[in-house]
Amino acid sequence: MSEAVREPSAAEMRMVIGASSLGTIFEWYDFFIWGTLTATGILGRTFFPSGNETLATLLSWATFAVGFGFRPLGAVLFGYLGDRMGRKYTFLVTIAVMGLATAGIGLIPGYAAIGTAAPVLILLLRVAQGLALGGEYGGAAIYVAEHSPPGRAGFHTSFIQASVVGGFILSLAVVLLFKLGFASVWNIWGWRLPFLFSLVLLAISLWMRLKLSESPVFKAMKEAGETAGNPFLESFTYPGNKKRLFVALFGIAAGLTVVWYTAMFSVLSFLSGPMRLDQTAAQLITGAGAVIGTGFFILFGRMSDKVGRKPPIVIGYALALVLLFPCFYVIGSAANPGLAKAAIRQPVVVSGPHCRYDPFASDQRDECGRILDHLSKLGVQYATEKAPSVVVTIGGQVVPQSEPAAVEAALKDAGYRFDRIVPEPIDIAMILVAMTVLMALCGATYGPVAALLSEMFPSRIRYSSMSIPYHIGTGYFGGFLPFISQYIVARTGNPYAGLWYTFAVVAMALLVTMLGLRETVALRDRAR
């Protein structure tokens, strides 16, 4: 089928991009607000039964991951509807489900009030959010791409890509505003207001999207009677599509999402956790870095219209492998210089016959585990060695007593400081420079992707074929990143160790993209 259809006017194109992008911002806000508040620790304390702060945080990140885990199912369900019924009405449904589920989280009583029903209800609502998000991104990206004139799809769809960052920025901004306005009751019930605020965003989104018309490509395809009978099955039987699905999953979605989540959520957790920044300062710095970096998504999306989709992604992956650890070392050194210097000058070594630390245990099994648990909660980097008895050394000096309280006192005497800090302006500037580099890598690997994925697949099964690999890749490789990286950090005592997960996934994505991705052509020029 030829996809030559009437070109939308400039005003129509602005409306298409604006309504689609704003709705995407709101939907990602709904999804990210859990992650933003998890980084503060308040959700773990409210909804999960543990006196172990590390365990509560891990359970919160696991709940965050559950939503991502159900995104592929949402992609299958809403991809089917999008290819059968149309792009517009499908993402109207997804945004309604998302908004209502988010508001519902703000109404669930805590564990102290209703016991295990609290985490169960939270999980169910996160599942609903995951299903909705599985249908949202593909619908918005395809809707914009199918309206775009030749040679402009990369630029136009880059606003959808930037909207994902916009959702993160909005989640930070709303949290900070409500925290400021309801400071006295924030820890009691004020934190629920950002979830309930989703109802306002839902009303705006529905109003804007109801004004849109159906995608011109879908209308032409439907009038010609060429819509897919079963788009899910056809996604796996259409000639050559299995390879495209493989590349889209392991080469595109998996790689871009771990780069992006590392630049956003890992930085936020790193600053507010091991680096012990004041939580508001950590949120403001992370949000500022996201704002500064948003333009890279537009830049590289537009660039991909001229140089192709593949070069920015491949170069972005390669540079991510080179710059990932150096950027975080810069952030760590600037965020808390005193703590960073203490870790170098006065390294902590814990020796014992069975030095094992289980982050999931409320009580550690032995003395060594209890020490490691305490060090992990303090955010102190440590190394372990095998020895006949439990011994703690700080800068080579043996701590006379190995009880956690005595170890903490010795750490303070050695120069470790555990109070929350606000970095100096010059240090904040250094953090933002490192974050800008990370955001540029995000822009290179993510900015061209909506256009690329839309162009990879035939129009009759585009919604399903694009959404399924995208949400499997982002849902599992990216959604579980905070949980996996935090677990690695907790087990190793090294605040940088979690970055190896990102490094491994990006290395895989680079290899798959280099070998498997074929350059695409302009969507509206391509016949199916």
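Predicted model: local features only at pLDDT ≥ 70, side-chain atom pairs only at ≥ 80, totals over all residues.
View 1. Within H17, the residues Cys-368, Gly-369, Ile-371, Leu-372, Asp-373, Leu-375, Ser-376 and Leu-378 are buried. The helix covers residues 367-378, twelve residues in total. From its first C-alpha to its last H17 reaches 17 Å, close to the 16 Å expected at 1.5 Å a residue. Gly-379, which comes just after H17, has a positive phi of about 80 degrees.

**View 2. Packing of H17 against helix H18.** H18 is formed by residues 404-413, and its axis lies 9 Å from that of H17, at an angle of about 45 degrees. The crossing of H17 past H18 is right-handed. On the H17 side, the contact is made by Arg-370, His-374, Leu-375 and Leu-378. H18 contributes Pro-404, Val-407, Glu-408 and Leu-411. By class, five residues of this contact are nonpolar, one is polar and two are charged. Leu-375 and Leu-378 of H17, both part of the contact, are also among the buried residues of that helix.

**View 3. Helices H8 and H14 side by side.** H8 spans residues 153-181 and H14 spans residues 279-307. Their axes come within 7 Å and cross at roughly 170 degrees. Angles over 145 degrees count as roughly antiparallel, and this is therefore how H8 and H14 run relative to each other. The contact between H8 and H14 comprises 15 nonpolar, ten polar and three charged residues.

Notes. Residues numbered from 1 in each chain as written. Heavy atoms only, no water. Helix = DSSP H or I, 4+ residues; strand = E, 2+ residues; numbered from the N terminus. Expected span 1.5 Å × (residues − 1). Buried < 20%, exposed > 50% of the residue type's maximum accessible area, 1.4 Å probe, protein only. Axes fitted to C-alpha atoms, helices over the stretch in contact; angles between N-to-C directions. Left-handed = near helix turned anticlockwise from the far one by under 90°. Contact = heavy atoms within 4.5 Å. Nonpolar A, V, L, I, M, F, W, Y, C, P; charged D, E, K, R; others polar. Parallel < 35°, antiparallel > 145°, perpendicular 65-115°, else oblique.
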